[in-house]
Amino acid sequence: MKVWQYVFIAVIFISHINYAQEKPKKVQVDFNEIKGELTAKDLYKKDFGRYDGYEIELFEGEAVNFVVYTQKFQPSLALVNSKGEIFKQSDRNDKGYGNIVTTIPVSGKYVLYVVGSDNSFGSYVLQTAIAEPNALTLDSTSDFCNTLDFLLAHSIAYFFLLENPNLATQQLVKLNDAQDAFIDEDDGSYNASFYTGNELQKAEALFKSLTNKIKLCTDKEWKMKSTGWLAIEDSREKTFTFTENVKDRPRYIVIGLFDYAGSKQKYKNNYSLEVKINRKTQ
């Protein structure tokens, strides 16, 4: 069995230290990705399958979202508690992935198994998202910066835990003064709409105001880049982008102002102002 305990704990421990040095976080969300492989050398158990096992320490009340992907075989996941009992298994499917979403009832050392059939061989990607008990709920009185910090914390795990029906304890959090918000199913990003209408002057004033607000919430660890109006087919847009100053999968915030006034397509409103938050995949 491949033991993940020391690798996983080291990653989480270092992550906590880094965030503590940069900026205190009220919400802790962790994400890890492992590229593994089932081979003929891996253990096989009748009525269970061929498997890899990863030991992980989990705490009562934590929310988890584990998913494994592969094109080589049909995988499944099993989460086993410290007593050796299967606490949770992924549902059977034939779509090339396995998924477990749950809340941990008892603290302890668990083993997360990636399981295939007796003739399952090949590479897979295992992704784990884990949130502290207080990380799924935001106080309705939170100010703009606290709300933004909450969303940025969840972007670490690509919002895997924020709008899951098995975990959600409240409606999707909206950035303060946003008209609407949603998670994009295509790229997993968080999107908030701040203006839709026909007044360019108002849209540009809101664009400037929103940019300044986010500047106050971020620090020198975020790089900033702005563009003027750029033509996109028969419309135009301008953006202000904040990108986390780290090498590995930086998070980003994009404020976009879109002008459809000259478009040949019929839009209900000429202008829209939106904020997108996500984390790069590579």
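Predicted model: local features only at pLDDT ≥ 70, side-chain atom pairs only at ≥ 80, totals over all residues.
Which residue does a disulfide join to C145? The partner is C217, and the two sulfur atoms lie 2.0 Å apart.

**The disulfide**

- A search of the whole structure finds one disulfide, and the link of C145 and C217 is left-handed, with -85° about the S-S bond.
- The pair connects distant parts of the chain, since C145 belongs to helix 2 while C217 belongs to helix 3 (residues 200-217), and 72 residues separate them.
- The two cysteines can also be described by their accessibility: C145 is partly exposed, with a relative accessible area of 26%, whereas C217 is buried, with a relative accessible area of 4%.

- Five strands make up an open sheet, in which they are arranged in the order 2-3-8-5-6 with antiparallel pairing.
- Strand 2 (43-45) and strand 6 (86-89) stand at the edges and have a single partner strand each, so one side of each is left without a neighbour in the sheet.
- From one strand to the next, the twist averages 35°.

**The nonpolar cores**

- The largest nonpolar core has 48 residues, and the members that touch the most other members are L148, L151, L175, Y190, I253, I255 and I277.
- Helix 2 (residues 144-155) gives the most to this core, contributing six residues.
- When neighbours within four places in sequence are left aside, the contacts of I277 include L148, L151 and L152, together with F159, L175, Y190 and I253; S155, S189 and Y252 are also in contact with I277.
- Another core, of 19 residues, lies apart from the largest one, and among its members are I56, L77, I100 and V114.
- In soluble globular proteins generally, nonpolar side chains tend to be buried together.

**An exposed loop residue**

- S82 is found in the loop between strand 5 (76-80) and strand 6, and S82 counts as exposed because its relative accessibility of 60% lies over the 50% cut-off for that class.
- The C-alpha atoms of S82 and S209 are separated by 52 Å, and the two residues are 127 residues apart along the chain.

Definitions and conventions:
Residues numbered from 1 in each chain as written. Heavy atoms only, no water. Pairing = 2+ DSSP bridges. Helix = DSSP H or I, 4+ residues; strand = E, 2+ residues; numbered from the N terminus. Axes fitted to C-alpha atoms, helices over the stretch in contact; angles between N-to-C directions. Core = buried A, V, L, I, M, F, W, Y, C linked by side-chain atoms within 4.5 Å. Buried < 20%, exposed > 50% of the residue type's maximum accessible area, 1.4 Å probe, protein only. Contact = heavy atoms within 4.5 Å. Disulfide = S-S within 2.5 Å.
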